[in-house]
Every structure is written in C-alpha cells, then in structure tokens.
Amino acid sequence: MTKENDKYTIKEEGKRGIEMKNLVITDKDISTKFFKNSVVVNLNNIHYSSCTGGLECLRCEGACYFQDDMSLISQWMNDCQLIIYVTRVKYGCFDIPFKKMLERLVVNREPYYTMIEGESCHLGISQLQKKLLVIGYGEATLEEKEIFKDLLDASTLGFSYSSVDAYFCEEYELEEVLHTFGGIDHV
Amino acid sequence: MSKILLLSSGLKHAQEFTAPLLKRLEVYLSTQLDCVDVRNISTFDERTFFEYDQVVFIFMTAMDTIPSSTLEIFQKLESQKKPQTQIYTLIACDEYETEKCDLSERIVESWCKNEHLQYMGSLKVGSILLIMKGPSKFVISSYIKKFVELIVKKEKASLKVSCLTEKGFLKKANRYWDKQIKKTKKAKNK
C-alpha cells in the first residue's frame, strides 16, 4: 500500500476481499520495502474518528457508529495472523494517534464477560491464532518500558495470541531496527 | 484554603458512566471547601491549570488503559508552567477487578514524574456499569467520602472498591449486556 493513495487502496483491497495474512500499523512514515508480505497502514494517511467510549457498538453486535477506514482495519485485525505495531511510546503507553486507533477496536470484543486466569475480561470475537510484534520507539525509561509490556499483556487477554513480543529503540534507530526486522513478515 | 479542580477526562460518552461518581465527589468536597471547579475534556482550559492546588482526574479505562482524551490533556499540559500541584485519580473500569485500573494509574504516575507534579494516589472503582445501580452505591458513597477526606487533608490515597462478589458480578454483568442488546434490537425494529 503506497503512502500517496492509502485510502484508495484500503477500499479497493476491501472490495476484492484479498486474503489477509500480515498487517503492519504504524504511526510514523516508514519504508514499505521492509514489509513486502504485509499490508502497511500508516495512521497519518488514513481517516478515522475517535471512539466516544459509550460502548454503543457492544450493544449493536459490533456495529460501530462511525463508517470510516477503521471499519475495514478492525476486520483485518481479526483475519490476519501476524500483526506488527510500530508506535511511539510515551509515559509507558501508546502515543495518542495509536491509542485512538486501538480504542476503536472495542468492536472486536464480545460484550459478555468471561473468566480467564482468574480475571474477568471480554473475549475477542476472532479466536484465530495470531502473533503480535510491537516495535516501540522514542525516549522511554526502563519503568515506562515495563509499563508498556504489562499493557500489552493486559490488552491481549481474551484473544488468541501465540506470541506477544515488544522491542524498544530510539526514534533515530527505528530505520535500522526495521531493517533488522525486514522480512519478518515472510516467516 | 485549597483550590481543587475535578477534571472528567474520560472519552466523551464514557463520562456518562463516571458522572454519578463525579457528582458525589463534587458534593462532598463542596461541603468542606469553598473552591471546587468541575471541568471536562471540552471545557478544560490548560492555561488555568496552575491556579489549582489539587487536581483530580476522573476517567473510565478504555481498552484496558488510560483513555486517549486524558493523554491529550497531558500533552497540552506539557508546554505549560506548573507549580507543585497535587494529582489524584478516580479510575473506573467495567471489569470486576480494580487491578484493571493499575496500568492507568502507573501511566499517570509516570506523567507526574516527568512533569514534576506530586502524585497523591487514587480511588479505583471496578464494575462501573453496575455498581451505581444496586445497593452497592451506598458502599461506594462511603469510599468517595473517605477519598474526599484524604484529599482535604492532603494525604496519600489508595482506595479500591468493586461489586461484592465475583460470582454476583458475572451474573449481573452478563444479564446487563443481554438486556442492553435486546433493548437496542427492539429500538431498531420499531
């Protein structure tokens, strides 16, 4: 997916119903050459509204009030086997654009509560086994990295992730790190 | 005399779930202090932040952590000059375990550390969708009173409250969603 016409391609690919394998979501412009077997979604190039948090979608069996690019992306999140996040880490959390995108994924959860590992949680609609790789960049302290890792663990409860991995780097190192990870979406 | 700001910083419609808690907090604080301001994400002006001695952030977690609307407030405040304001949080989550609010608290703490603000603790509320509907609302009122006393005395807070039992929560919460879904279906069919 090219940077110039993200919106067009998102719609086109949705219409064609191509088989989703890997999905890369980034909040920073990155070269797509590192992820040749994935659909790369750059949050700076798509249109999505902020979740209002009223949980209306859970009352309507996953139908979100907003009809925007997130409608398709949330569907892709259910269907793909490898998800890669490239995000800035701030105070041990995702940065605002990424957090806003994640909040829209509440549609991918069941409204009902289930007990898993002694904790109440919402199960994910899709129970397809998948892997999550998170590349967090920015100036984060050790403590913030710990918070971020715990956040990933908490957010994947109720979903079928076979592995959740997080790597951290400085912003200037990101290109190099992506180069190291290049081709990981081929595995 | 302290000047206190109660800031409802949750997502726009999630503020409806925390509104009863905010109201009680405001009423109890107003009986003890003269200056209690209540703002939300759309009425908050970051330029006035330095005027307050204590600020209480009130929000419901979104996708297991702090909502983006609160992060936006943090970002706005980054560029502001701030005195040693005391920060408290009232965090609510829809799950039974109040531990689900811990991550959000750690993030607020991390922000306070970066901004040289004094983090003073929290009141964590679990089962927020149900807790104000049954007799448990009397329990929560007493917790809010305790929280207010700590704020007024400028003492550290670490309070948590949820539905009485886990089993009761599961039963009631799933029945709640059943009702909500049926109600929406019925409204759509009309």
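**View 1. K182(B) sits in helix α6 of chain B.** The model shown here is predicted. Is K182(B) buried or exposed? K182(B) counts as exposed, because 11 C-beta neighbours lie inside 10 Å and a residue with 12 or fewer is classed that way.

**View 2. K182(B) and E105(B) are set 35 Å apart.** That figure is the separation of their C-alpha atoms. Along the chain, 77 residues separate K182(B) from E105(B).

**View 3. Chain B meets chain A.** How many residues does the contact take from each chain? Chain B provides 33 residues and chain A provides 31 residues. On the chain B side, α2 (68–78), α3 (102–114) and α6 (166–189) each supply at least two residues. Which element gives the most to that side? The answer is α6(B), with 8 residues. By class, the side of chain B that touches chain A holds 17 nonpolar residues, 10 polar and 6 charged.

View 4. The average pLDDT of chain A is 87. In this chain, 88% of the residues score at least 70.

View 5. Where pLDDT is low, predicted coordinates should not be read in detail.

How values were computed: Residues numbered from 1 in each chain as written. Chains lettered and ligands numbered in written order. Predicted model: local features only at pLDDT ≥ 70, side-chain atom pairs only at ≥ 80, totals over all residues. Contact = placed C-beta atoms within 7 Å. Helix = DSSP H or I, 4+ residues; strand = E, 2+ residues; numbered from the N terminus. Nonpolar A, V, L, I, M, F, W, Y, C, P; charged D, E, K, R; others polar. Buried ≥ 20, exposed ≤ 12 C-beta atoms within 10 Å, placed from the backbone. pLDDT = per-residue confidence, 0-100.
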